Amino acid sequence: MARVRLRPRSARADLQPVPHPWARGLGLLAVVLLGAWLGLLTVGDVRTPVGPVDTTMTLRPSLTGGTKINVSPLGALELDSHTAPIRLDVDVDRLDPVRSAALVNHPERISGLQEEITKDVESGTLNLALRSCAAVLAGATALGLAVYRSPRRALAAGGLALALLTASGATAYATWNPKSVLEPKFSGLLSSAPSVVGDARSIVTEFDVYQQELARLVTNVTKLYDAASTLPAYRPSPSTYRVLHVSDIHLNPASWHIISSLVKQYDIDAIIDSGDTMDHGSSAENVFLDPIPDLGAPYLWVRGNHDSAATQAYLSRLKNVHVLDNGSAVTVAGGLRVAGTGDPQFTPDRSVRPQGDVDERVAGVRLAASLRNQKAAGTPVDIAVAHNPLAAAQTDGEVPLALAGHTHSRKNETLPKGTRLMVEGSTGGGGLRAVEGKGEPEKIRASLLYLDRDTRRLQAWDEITLGGLGLTTAEVSRHLPESNRPGATPAPTPSAPSP
């Protein structure tokens, strides 16, 4: 009988590598997220009409959430509508010619558009939620089956994807902010942005924010499409002062073209320049200032630390220019009173050593004293202007609004005694010296301030941001003071310090 020798099994053959539980968990999570994303990308969109436009709604993974409305070819409108790991994308695909013609030709139908649009959005959102659930379930399950070759693990991946989407949806619902339509961010064609976001006066007086502003958005998009190559002009409320705040132009000639365009587009009542219009303050640079009288609005100016006394003297002789210094005030646009002071320091280059913050605060204290005297004389000032924010901050309690520049970055805060301090970025994109650096060009910034014609208080403001030298991007962001939001209590009047 033949013997059969059995070879002992190698111990190494029995030792299969066992993945660490954390590694398995991370692997499953990666499969779930990728599968869910692929599912949403492939079959997760919903086409639905919203008033006179046909749209495509889609959910996308996002770190910040919110809603993005793509209005091709005008650009995109972003709303801070919710905080969740999913973003709602709405693409305006086309304008229905029959529905849009009925709306444009019969404006009285706009009043009934609010309820119609609200129902359309609710219906589209519900369909999107159901379709997205099916999409993430199918996507994660299919990818799980392809990776693990196990129906059980594939179903686990699909179930986990569905649970994550449900949790994200619940978070979005819990953080839903319908008033986000009051403060949109528009990127794209600058000339069309104001027509889409509406005017400040109507925004602060509307109560049914969600329905009415949504109807306004769809109506204005309809008009933009209907206008084709001719975009409608912005029509601000006649009961609003419109003030353009610019600063730190630093000899950039492109700034005059931008300011002139904004003056015409927004029907500006006054331009306030918070200084550093020049770079070295030399007399040879003064010719740069010659376009100012033709900008189309009164130009109110305070001296910056790059502006010399010679610059100030030259400007004071130009038509339609008002130089503000040592607390002097001027009334423009039939009732808006503005006072300011120049920077006490002249530091055009490193050869001049700055005196520090003390001089700035002293200048601000003197400006505040002048404001108090004018208030006591029955001619209170509505806006105070200084170049350095340290000086402007000393006017807290004396005026409702103070403007400054100098830092080349925007800042907006309410000071302890009630004055709002708004610091503008560089309207010159850092000036011509911006081309000397190796980093990205500095952006061009300006702000449009809306003030109530009766109270002369700030009602809203648009932050306008353009790409710097060599860039072509444009963005407009609408902002409202807390006191001007629907249902808010009025802001207290800034109070003067006790004697």
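How many salt bridges does the structure hold?

1. The structure holds 10 salt bridges, a salt bridge being a side-chain nitrogen of Lys or Arg within 4 Å of a carboxyl oxygen of Asp or Glu. This is a predicted model, in which local features need pLDDT of at least 70 and side-chain atom pairs count only at pLDDT 80 or more, while totals for chains, interfaces and linings use all residues. Residues are numbered from 1 along each chain as its sequence is written, and side-chain values use heavy atoms, with hydrogens and water left out.

2. D267 pairs with R242, their closest N and O atoms being 3.5 Å apart. R242 is buried at 5% relative accessible area, whereas D267 is partly exposed at 44% (buried means under 20%, exposed over 50%, partly exposed in between; 1.4 Å probe, protein chains only). A network of salt bridges links R242, D267 and D269.

3. In the salt bridge between D325 and R303, the closest N and O atoms are 3.1 Å apart. Both D325 and R303 are buried.

4. R372 forms a salt bridge with E398, with 3.0 Å between the closest N and O atoms. R372 belongs to helix α11 (residues 357-376), and E398 to the loop between α12 (389-392) and β14 (401-404), 26 residues apart. R372 is partly exposed, at 34% relative accessible area; E398 is buried, at 5%.

Technical notes. Helices (H or I, at least four residues) and strands (E, at least two) are DSSP runs, numbered from the N terminus.
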